Amino acid sequence: MNNQDRIEDMEQKISIAYLEGHFEQAKALEKNLKRIRGHHNLYDENDPYSLEGRIFNDDE
């Protein structure tokens with residue numbers, strides 16, 4: 001089984017876990033998927049509109 005097959009399998013398992021309401025299992029699978037893809041970085045866990053990992057609020 002190559003990485004692409006593993007990624008597709010993990011994505012399917014995540015989808016099923018969310019549909020069945022197993023949110024903790026889905027989050028764990030997403031964490032594993034990030035590790036497999038190699039996309040673990042700080043910016044994914046911050047606000048999507050943050051720059052360089054810093055959050056800027058619009059209070060104006």
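View 1. Ile 7 sits in helix H1; helices here are DSSP runs of H or I, at least four residues long, and strands are E runs of at least two, numbered from the N terminus. With a relative accessible area of 12%, Ile 7 is buried (buried is under 20%, exposed over 50%, partly exposed in between, using a 1.4 Å probe and protein chains only). A note on what you're looking at: this is a predicted model, where local features need pLDDT of at least 70 and side-chain atom pairs count only at pLDDT 80 or more, while totals for chains, interfaces and linings use all residues. Residues are numbered from 1 along each chain as its sequence is written, and side-chain values use heavy atoms, with hydrogens and water left out.

**View 2. Two helices side by side.** H1 and H2 pack at about 160 degrees, with 8 Å between their axes (lines fitted to C-alpha atoms, for helices over the stretch in contact, with angles from 0 to 180 degrees between N-to-C directions). That makes the pair roughly antiparallel (over 145 degrees; under 35 is roughly parallel, 65 to 115 roughly perpendicular and the rest oblique). The crossing of H1 past H2 is left-handed, meaning the near helix is turned anticlockwise from the far one by less than a right angle, whereas clockwise would be right-handed. Among the residues meeting here are Asn 3, Arg 6 and Ala 17 from H1, and Gln 25, Ala 26 and Asn 32 from H2.

**View 3. The largest nonpolar core.** Six residues make it up: Ile 7, Met 10, Ile 14, Leu 29, Leu 33 and Ile 36. A core of this sort is a set of buried Ala, Val, Leu, Ile, Met, Phe, Trp, Tyr and Cys residues joined through side-chain atoms within 4.5 Å. Helix H1 (3-19) and helix H2 (23-37) are the elements that each give two or more residues to it. Zoom in on Leu 29 and, skipping residues up to four places away in sequence, you'll find it touching Met 10, Lys 13 and Ile 14.

**View 4. Lys 34 and Arg 37 on H2.** Lys 34 belongs to helix H2 and is partly exposed at 31% relative accessible area. Beyond four places in sequence, Arg 37 is in contact with Ile 7 and Glu 11.

**View 5. An aromatic pair.** A search of the whole structure turns up 1 aromatic pair. Tyr 18 and Phe 23 form it, tilted, at 5.9 Å centre to centre with 50 degrees between the planes. Rings of Phe, Tyr and Trp (its six-membered ring) pair if their centres lie within 6.5 Å; planes under 30 degrees apart are stacked, over 60 edge-to-face, and the rest tilted. Tyr 18 is partly exposed, at 30% relative accessibility.

Notes
Contact = heavy atoms within 4.5 Å.
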